[in-house]
Amino acid sequence: MADKLIIFDTTLRDGEQSPGASMNKDEKLRIARQLERLRVDVIEAGFAASSNGDFEAVQCIANAIKDSTICSLSRANDRDISRAAEALKGANSARIHTFIATSALHMEKKLRMTPDQVFEQAKLAVRFARNLVGDVEFSPEDGYRSDVDFLCRILEAVISEGATTINVPDTVGYAVPELYGHFIKTLRERIPNSDKAIWSVHCHNDLGMAVANSLAGVKIGGARQVECTINGLGERAGNCSLEEVVMAIKTRRDYFGLELNIDTKQILAASRMVSQTTGFVVQPNKAVVGANAFAHASGIHQDGVLKARDTYEIMRAEDVGWTTNKIVLGKLSGRNAFKLRLQELGVQMESEAEINSAFAKFKELADRKSEIFDEDILALTSEGSVTHDKEQYCFVSLSQHSETGERPQATVVFTVDGKEVKGSSDGNGPVDASLKAIEAHVKSGAEMVLYSVNAISGSTESQGEVTVRLQSSGRVVNGVGADPDIVVASAKAYLNALNKLHNKADRVAAQG
Ligand code: KIV
Ligand code: ZN
């Protein structure tokens with residue numbers, strides 16, 4: 001029986017730290033459910049002590065998810081650790097992940113602490129955490145740039161205090177594969193009680209080597225946990241990408257000889273969900289999940305693949321979920337078939353009223369679009385597309401006029417707390433005019449920091465999926481809207497973002 005590699009997903013914590021990627025509780029829960037379907041071993045659900053919003057998100061995920069271990073990050077102090085333990089109370093399997101910086105630079109300039117103080121605080125934190133939960137991970141932040149002798153001393157001490165996982169972050173993405181692999185190996189060889197803990201790698205992608213470094217940490221260093229995020233989401237250049245590291249381990253099992261729990265068929269759905277929720281679009285040539293990852297454009301390649309697919313393909317597209325792009329429902333499909341498909345896609349609706357609202361939207365879409373794909377259903381049921389009673393702004397209708405040589409005009413009808421209102425404006429283009437029409441009435445004053453359009457299923461017949469990122473009083477929120485008409489999709493996305501700015505719960509969750 002081969003060794004097992006633990007997949008620790010930190011999309012909801014380190015991934016969310018990426019500016020503009022903040023998610024609300026419902027969005028995090030939706031992603032956590034997909035991560036559970038993906039069968040990740042550990043979900044780092046947030047940093048419970050950082051805000052009430054994060055606390056609630058960790059708590060809600062801990063209560064809902066049964067098959068993955070739920071983890072909360074915490075600084076190495078009693079308050080943070082108690083808060084993490086409290087948020088994790090409902091979890092079937094809970095982990096506290098505590099960290100403190102250990103590099104000379106961070107200790108001196110950031111923490112203003114001596115190495116001895118850091119040493120004591122790390123020990124006390126792990127001891128305190130172990131009294132609350134049985135599963136404690138310790139990370140020496142900026143570990144890769146830390147003095148190896150000091151690291152050996154502190155890691156030996158925290159293992160003695162009961163740390164069950166030791167994670168070695170390359171916080172600033174400075175490592176190169178061979179050196180990082182040997183660094184982990186050295187630590188494991190030099191620390192006398194290293195065999196009492198599972199060793200973990202956590203690499204940032206500043207030099208584009210996060211996946212390579214993580215794999216070297218596994219192969220050379222003997223790490224048995226990889227920390228990663230869907231689509232490599234994360235601060236600056238991001239984290240190690242889950243889909244790449246998982247498919248590397250699986251495809252090159254001959255070399256790594258490791259087992260994974262992951263249901264790789266759920267990878268694409270996870271990638272799309274994260275991209276849609278955060279507005280961080282996946283580049284077409286991204287390994288595994290990019291639109292071109294399995295597309296063979298050149299005649300020679302196409303010919304080869306048709307004769308024998310392994311001439312140019314090292315993975316099967318369907319193994320990572322690419323087969324979902326098929327027509328599943330049509331105009332004549334009933335509510336039951338729709339509901340069943342939602343269940344198959346893992347979409348959870350809070351109430352029958354929500355299912356009815358989504359079904360009505362599905363019927364409306366089926367009237368306008370002959371082929372309905374899984375992607376359409378997912379977009380239709382995502383945050384911002386299904387009407388919640390609690391929402392302040394709801395889209396009703398839009399009309400716009402644009403003609404070459406004339407300035408476009410738009411009128412948007414929407415409801416504010418259930419009451420219908422109308423806004424009109426001109427603009428540089430129909431989208432600009434429509435969003436200005438909404439703003440003319442709402443007067444949010446929010447600054448738009450991102451606007452992006454994506455064709456959900458490829459062709460011009462596809463629905464357009466729009467992300468609008470708004471910033472107001474230091475908070476950043478993402479609004480998403482989908483419709484075959486991209487001007488309407490834009491108006492829906494804008495109203496969705498305004499709802500998030502307005503929503504109290506999101507107010508605590510958002511960055512800033
Ligand atoms: O990159 C890092 O150092 C981290 C730690 C908190 C684990 O994310
Ligand atoms: Zn990190």
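This is a predicted model: local features need pLDDT of at least 70, side-chain atom pairs count only at pLDDT 80 or more; totals for chains, interfaces and linings use all residues.
**Exercise 1. Asn-231**

Solution. 
- Step 1. Read the relative accessible area of Asn-231, which is 17%.
- Step 2. Apply the cut-off: buried means under 20%. Asn-231 is therefore buried.
- Step 3. Find its place. Asn-231 belongs to the loop between strand 9 (225–228) and helix 9 (242–251).
- Step 4. Check the backbone. The phi of Asn-231 is near 65°, a positive value in a residue other than glycine.
- Step 5. Most residues other than glycine have a negative phi.

**Exercise 2. Ser-473**

Task: Is Ser-473 buried or exposed, and what is its phi?

Solution. 
- Step 1. Locate the residue. Ser-473 is in the loop between strand 17 (464–472) and strand 18 (475–483).
- Step 2. Read the phi. Ser-473 is not a glycine, yet its phi is positive, at about 45°.
- Step 3. Take the relative accessible area of Ser-473, 78%. The cut-off for exposed is over 50%, so Ser-473 is exposed.

**Exercise 3. The zinc ion**

Task: Which residues coordinate the zinc ion (ligand 2), and what spacing do the donors follow along the chain?

Solution. 
- Step 1. List the donors. Asp-14 gives OD, while His-202 and His-204 each give NE2.
- Step 2. Read the distances, which run from 2.0 to 2.1 Å.
- Step 3. Write the spacing along the chain: D-x187-H-x1-H.
- Step 4. His-202 has 5% relative accessibility, so His-202 counts as buried. His-204 has 4%, so His-204 counts as buried too.

**Exercise 4. Ligand 1**

Solution. 
- Step 1. Collect the shell. Around ligand 1 are Arg-13, Asp-14, His-97, Phe-99, Ser-139, Glu-141, Pro-169, Thr-171, His-202 and His-204.
- Step 2. Sort the shell by class. It holds two nonpolar, five polar and three charged residues.
- Step 3. For Asp-14, the distance from a polar side-chain atom is 3.0 Å. For Thr-171, that distance is 2.6 Å.
- Step 4. Work out the cover. Ligand 1 taken alone exposes 260 Å², and the protein buries 95% of that.
- Step 5. Trace the shell to its elements. Strand 5 (94–101) and strand 6 (136–141) each give two or more residues.

**Exercise 5. Glu-137**

Task: Is Glu-137 buried or exposed, and which side chain joins that of Glu-137 in a polar contact?

Solution. 
- Step 1. Glu-137 is in strand 6.
- Step 2. Read the relative accessible area of Glu-137. The value is 0%, so Glu-137 is buried.
- Step 3. Name the polar partner. The side chains of Glu-137 and Gln-225 are joined by a polar contact of 3.3 Å.
- Step 4. Widen the view. Beyond four places in sequence, the contacts of Glu-137 include Phe-8, Arg-95, His-97, Asn-167, Gln-225 and Glu-227.

**Exercise 6. Lys-219**

Task: What lies 2.6 Å from a polar atom of the Lys-219 side chain?

Solution. 
- Step 1. Lys-219 is in helix 8 (residues 210–219).
- Step 2. Judge the cover. Relative accessibility is 38%, so Lys-219 counts as partly exposed.
- Step 3. Leave out neighbours within four places in sequence. Lys-219 is then in contact with Tyr-255 and Phe-256.
- Step 4. Name the partner atom. It is the backbone oxygen of Tyr-255.
- Step 5. Compare sequence with space. Lys-219 and Tyr-255 are 36 residues apart in sequence, and their C-alpha atoms are 8.8 Å apart.

**Exercise 7. Ala-197**

Task: Where is Ala-197, and which residues does Ala-197 touch beyond four places in sequence?

Solution. 
- Step 1. Ala-197 is in the loop between helix 7 (177–190) and strand 8 (198–203).
- Step 2. Judge the cover. At 10% relative accessibility, Ala-197 is classed as buried.
- Step 3. List the contacts: Ile-159, Ala-163, Thr-164, Thr-165 and Ile-166.

How values were computed: Residues are numbered from 1 along each chain as its sequence is written. Chains are lettered from A and ligands numbered from 1 in the order in which they are written. Side-chain values use heavy atoms; hydrogens and water are left out. A residue is near a molecule or strand if one of its heavy atoms lies within 4 Å of it. A polar contact is a pair of N or O atoms within 3.5 Å; within protein, one must be able to donate a hydrogen and the other to accept it, and residues adjacent in sequence count only if both atoms are side-chain atoms. Accessible areas come from the Shrake-Rupley method with a 1.4 Å probe; for residues, only the protein chains shown count as cover. Helices (H or I, at least four residues) and strands (E, at least two) are DSSP runs, numbered from the N terminus. Ala, Val, Leu, Ile, Met, Phe, Trp, Tyr, Cys and Pro count as nonpolar, Asp, Glu, Lys and Arg as charged, and the others, Gly among them, as polar. Donors are N, O and S atoms within 2.8 Å of the metal (3.2 Å for Na, K and Ca); water is not among the atoms, so sites may look incomplete. Buried means under 20% relative accessible area, exposed over 50%, partly exposed in between (1.4 Å probe, protein chains only). Contact means heavy atoms within 4.5 Å.
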